[in-house]
Amino acid sequence: MKVIGIETSCDETAIAIVSGHKNQLKVEKSVVLSQIQTHRQYGGVVPEVAARKHIEAIFPMLEKEIAKDGSGIDVIAVTAGPGLAPALRTGVETAKTLAWLWGKPLVPVCHLEGHIYASWLPRSKRILPFLPITTPKFPALCLIVSGGHSELIIMKGHGQFERIGETLDDAAGEAFDKVAKMLGLKYPGGPEIARLAIRGDKTKFDFPRGLLDRQNFDFSFSGLKTSVLYTLRKMNLVSDQERANVAASFQEAVVDVLVRKTMRAAKEYKPKSIILAGGVAANIQLRKRLQKKGREARIKVFVPPFTYSLDNAAMIAAAGYFRAQDEKNFVEPVSLSADPNLDLI
Amino acid sequence: MTYETHSEKETHELAARFAATLRGGELIELVGDLGSGKTTFVRGVAEALGCKVKVKSPTFTVMNEYPVDNDKIKKIVHADFYRFEDPAHLEALALGDYSDDDTVIFVEWPDIFGEGILTPTHTINFEFVDEITRKIEL
């Protein structure tokens with residue numbers, strides 16, 4: 001089955017073609033607009049703006065990759081939400097039009113579900129490419145961490161999700177970006193903080209681990225953000241070393257809370273695999289710590305390649321592929337609308 | 001009037017009193033630095049107006065919409081210009097399109113490019129005093 005995935009929920013416009021056989025997926029093509037040289041000027045914030053430009057860009061992207069009559073494509077998958085309404089609409093309306101024109105089934109996908117299914121995508125450079133891809137076993141405990149999300153979800157089977165925790169205020173990736181700004185670092189903040197933290201002493205500051213003492217699996221990073229701000233304000237002239245120490249201690253506080261809560265959830269829910277998803281999955285400290293704790297608990301930890309951790313359409317196509325196994329998930333093009341508050345069911 | 005709050009709960013209580021004065025159609029600017037209580041305030045207003053959806057930071061989504069259960073107000077739009085780099089983008093966001101008699105719009109970081117971009121009905125100023133204290137000027 002060949003699935004075309006379309007993703008326009010936030011800053012990126014992305015399309016991808018993924019083919020699947022049983023639970024083995026292959027990415028035929030994955031394109032993200034902001035990564036294309038010629039369209040760099042349209043990338044970045046405000047999908048509404050980008051939406052206007054992206055409408056202009058999306059069709060050339062499609063034309064290059066797919067036959068005009070949609071031959072070869074079996075299913076169209078699109079991010080229906082959550083996200084920014086005008087941005088979502090670009091993708092949704094495009095998908096609806098294609099489904100209607102080509103007479104192919106249409107599957108709406110939840111963006112969060114996409115992040116989880118990124119772990120079903122093969123790594124581009126595989127040591128033994130002829131061997132089947134190892135995919136997560138159910139139940140899978142999923143930690144989704146990005147600029148816009150920080151959630152813990154139990155996946156009992158395909159399409160069967162239960163949210164067990166989420167952020168009450170800021171997302172982890174957002175905390176990285178805002179603290180980076182406080183430290184005078186460039187955007188995107190995550191990699192910049194990680195780089196600065198290498199030179200820093202993570203024990204110099206004991207920043208608050210939001211909600212760690214509570215027995216629930218929710219997160220809170222707003223207090224950590226204000227604690228770092230307040231600490232920097234109290235320090236008069238901040239030396240380079242002190243900045244590095246703040247970065248290291250901040251990163252440690254985030255990683256500590258994410259890993260501890262995830263492992264606490266693992267103890268209670270006894271998953272067969274742990275999935276780390278979302279842009280913050282690129283953070284090496286987070287990955288290393290989670291993989292180590294996973295090994296100790298004898299639970300395999302899945303981390304998708306970086307390209308599939310950031311917003312992309314291959315993950316949406318992957319989610320669409322599994323959704324398409326049940327025809328009840330197809331929708332009439334005319335009835336599909338973007339839903340900025342769409343949630344995992 | 002300037003108020004000082006010493007906890008999230010106190011900020012919510014102040015926000016609830018403010019929410020009681022809303023009739024629908026307002027455009028409210030929230031001006032203040034990182035961590036000064038802007039989103040916490042919106043959360044307090046939303047709760048007071050009977051919102052069941054969780055109010056989270058709109059920084060990444062740019063704009064969140066929350067359905068609300070109140071006589072006069074049916075929706076809260078919660079926007080955040082923090083990530084904007086180009087004034088032209090603000091125009092493209094077409095915030096005005098969301099304006100309605102039964103909608104209240106909150107905007108964080110409306111001053112990202114300087115003043116006078118929006119024509120608000122209210123401007124609330126937030127100040128981070130110390131770890132537990134905020135000054136809120138309604």
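These legends walk through several close-up views of a predicted model.

**View 1. The two domains of chain A meet.**
Let us start with the overall layout of chain A. Its domain assignment gives domain 1 (2-121 + 307-335) and domain 2 (140-302). The contact draws 13 residues from domain 1 of chain A and 16 residues from domain 2 of chain A. Taken over C-alpha atoms, the centres of these two domains are separated by 28 Å. About 1200 Å² of area is buried between domain 1 and domain 2 of chain A, and carbon and sulfur atoms give 72% of that area.

**View 2. Helix 8 of chain A and its buried face.**
Helix 8 of chain A runs over residues 284-296, which makes 13 residues. From its first C-alpha to its last it reaches 18 Å, close to the 18 Å expected at 1.5 Å a residue. Look for L286(A), R289(A), L290(A) and G294(A), the buried residues of this helix. Seen down the axis of helix 8 of chain A, the buried residues fall within an arc of 135 degrees, so they line one face.

**View 3. What surrounds helix 8 of chain A.**
Which elements do the buried residues of helix 8 of chain A pack against? They pack against strand 6 (140-145), helix 7 (240-269), strand 9 (273-277) and strand 10 (300-302) of chain A.

Just after the helix comes R298(A), with a positive phi of about 60 degrees.

**View 4. Helix 5 of chain A and its covering.**
Here is another helix with a buried side. In helix 5 (residues 189-197) of chain A, the buried residues are G189(A), G190(A), E192(A), I193(A), L196(A) and A197(A). Around the axis they cover an arc of only 165 degrees, which puts them on the same side of helix 5 of chain A. Helix 4 (172-182) and helix 7 of chain A are included in what covers these buried residues.

**View 5. Cis peptide bonds in chain A.**
Two loops are worth a visit here. The peptide bond from G81(A) to P82(A) is cis, and its omega is near -10 degrees. You will find P82(A) in the loop between strand 4 (75-81) and helix 2 (85-102) of chain A. F138(A) and P139(A) are also joined by a cis peptide bond, with omega about -5 degrees. The loop holding P139(A) lies between helix 3 (111-117) and strand 6 of chain A.

K270(A) is not a glycine, although it has a positive phi of about 45 degrees. This residue sits in the loop between helix 7 and strand 9 of chain A. Is K270(A) buried or exposed? With a relative accessible area of 61%, K270(A) is exposed. In chain B, W109(B) has a positive phi of about 55 degrees and is not a glycine either. W109(B) lies in the loop between strand 5 (103-108) and strand 6 (122-128) of chain B. Its relative accessibility is 15%, so W109(B) counts as buried.

Note on methods. Residues numbered from 1 in each chain as written. Chains lettered and ligands numbered in written order. Predicted model: local features only at pLDDT ≥ 70, side-chain atom pairs only at ≥ 80, totals over all residues. Heavy atoms only, no water. Helix = DSSP H or I, 4+ residues; strand = E, 2+ residues; numbered from the N terminus. Expected span 1.5 Å × (residues − 1). Buried < 20%, exposed > 50% of the residue type's maximum accessible area, 1.4 Å probe, protein only. Arc of directions from axis to C-beta. Contact = heavy atoms within 4.5 Å. Domains from an automatic or database assignment. Buried area = accessible area lost by both parts, 1.4 Å probe.
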